[in-house]
Amino acid sequence: MSVSYDIFDLADFPIIVTDKDFIIKHKNSVAARFFPKFRKGSKIMRHASDIGKNTDISSLCEIDFQTGMQLKRALVFTHNSGDVFFAFLPRFQLEDGKKLIDRLKEVYDGNFLDFYISAYNDYKRLRAASVFESSSNEPARLGEDLLLLLHTSFDKPAFMKKEVYDLAELISAISHRTGSSLRALGLKIPAANISEEARKFCFAKINLQDFSFIIFRMIYAGFKYSCDGCINISLEYENQNIARINISANTSLSDDANGGSNKLELDGKMSELSFEFELLQKTELLNNTVSYNVKDSILNIYFTVKCIDSTDVLSLRSCPMNIYNQKLLRNISENISKLKKLLSKLNM
């Protein structure tokens with residue numbers, strides 16, 4: 001089974017992945033919009049002005065493209081799998097992009113992924129700081145990687161964008177639309193079981209892309225280890241303003257397969273997501289939020305989310321309701337499409 005690179009859809013700049021012969025294997029959603037002529041299965045070198053079979057990409061380098069687009073320069077680096085990554089950061093198109101190259105080479109040995117993850121973790125740590133620390137000294141506390149990354153994006157990096165969502169509404173929409181879409185594959189998701197307390201109090205300020213990525217990976221794991229092609233989704237409100245989402249399925253996994261936090265990979269048994277888990281393990285995206293257990297042949301995968309005071313919902317929601325709903329439905333549809341591609345490769 002091929003490895004999934006869908007985690008790159010969380011980035012807000014184009015990323016293209018090729019094999020060692022520069023044949024395109026994956027384009028993230030931004031690259032699909034910017035580079036429609038870069039087709040999967042074609043050779044990326046036909047679009048570049050200085051790349052060929054003998055081009056040395058053993059270490060971080062930059063390559064120019066003749067695309068007719070505004071993004072004509074990419075950071076190029078290899079992964080230990082042998083795959084080649086082309087990252088088209090907007091700021092890197094300008095001459096002062098050299099600052100980024102220097103930083104990557106001096107501190108990260110040319111590893112762009114580690115740089116990006118470091119900036120992501122800096123931001124997460126900043127958001128977790130006390131109100132006093134965040135408000136009184138925020139510019140000084142921003143990490144050097146984060147400051148550099150802020151100047152390499154179109155606008156505000158995608159991982160910094162959060163809005164208030166009604167988790168009951170979101171989970172209900174995910175279960176309904178996903179269940180309807182997967183019937184053709186013989187898979188079932190009954191309507192989500194959402195408690196009355198959850199409907200009243202489960203409002204959270206989240207990054208919709210991050211949240212959906214985790215939920216749909218949980219759904220995939222549930223189906224992969226389900227004995228009957230059916231999973232259940234539930235949402236409960238717990239003490240201390242915590243929402244708990246649970247994906248459960250009948251399974252043949254043994255009870256000794258239990259795992260604690262950061263164990264969405266289910267003991268490394270999902271090799272098709274190995275690259276994604278490799279990156280997730282370096283981030284703080286899953287820290288203390290995702291866990292699972294197996295008891296009496298039932299697999300339970302849990303995701304906990306910090307809720308906000310429901311009285312703040314109206315003041316915190318930042319866009320009109322129609323735009324909010326469009327964004328929500330588009331996000332769900334895009335994730336369902338990716339989920340179906342993964343599930344269609346399973347023998348269920």
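**Figure 1. Phe22 in the β1–β2 loop of the predicted model.** Phe22 has a relative accessibility of 2% and therefore counts as buried, the limit being under 20%. The residue sits in the loop that runs between β1 (15-18) and β2 (24-27). Its phi is positive, about 65°, although Phe22 is not a glycine. Most residues other than glycine have a negative phi.

**Figure 2. Asn241 in the β9–β10 loop.** Asn241 lies between β9 (232-238) and β10 (242-250). Phi of Asn241 is near 55°, a positive value in a residue that is not glycine. With a relative accessibility of 31%, Asn241 counts as partly exposed, because this value falls between the 20% and 50% limits.

**Figure 3. Side-chain contacts of Ser226.** The loop between α8 (208-224) and β9 holds Ser226. Ser226 has a relative accessible area of 13% and so is buried, as the limit is under 20%. The side chain of Ser226 makes a polar contact of 3.0 Å with the side chain of Asp228. The side chain of Ser226 also reaches the backbone nitrogen of Gly229, at 3.0 Å. When residues up to four places away in sequence are not counted, Ser226 touches Ala249 and Asn250.

Figure 4. Leaving aside residues up to four places away in sequence, Phe77 touches Leu60, Asp83, Val84, Phe85, Ala87, Gly110, Phe112 and Leu113. For one of these contacts, Phe112, the C-alpha atom is separated from that of Phe77 by 7.6 Å, with the two residues 35 apart along the chain.

**Figure 5. Lining of the largest cavity.** The structure holds three cavities of 30 Å³ or more. The largest cavity contains about 290 Å³ of space. A set of 17 residues lines the largest cavity, and Ile7, Leu10, Tyr116, Ile117 and Leu279 are those nearest its centre. Helices α3 (112-128) and α9 (274-280) each supply at least two residues of this lining. The largest share, five residues, comes from α3. By class, the lining of the largest cavity has 15 nonpolar residues, one polar residue and one charged residue.

Methods: Residues are numbered from 1 along each chain as its sequence is written. This is a predicted model: local features need pLDDT of at least 70, side-chain atom pairs count only at pLDDT 80 or more; totals for chains, interfaces and linings use all residues. Side-chain values use heavy atoms; hydrogens and water are left out. Contact means heavy atoms within 4.5 Å. Helices (H or I, at least four residues) and strands (E, at least two) are DSSP runs, numbered from the N terminus. Buried means under 20% relative accessible area, exposed over 50%, partly exposed in between (1.4 Å probe, protein chains only). A polar contact is a pair of N or O atoms within 3.5 Å; within protein, one must be able to donate a hydrogen and the other to accept it, and residues adjacent in sequence count only if both atoms are side-chain atoms. On a 1 Å grid over the protein atoms alone, a cavity is a set of points where a 1.4 Å probe fits but cannot get out, and a pocket is an open set with protein on both sides within 12 Å along at least five of seven lines; lining residues have an atom within 4 Å of a point. Grid points are joined across faces, edges and corners, and a volume is the space filled by probe spheres set on the points. Ala, Val, Leu, Ile, Met, Phe, Trp, Tyr, Cys and Pro count as nonpolar, Asp, Glu, Lys and Arg as charged, and the others, Gly among them, as polar.
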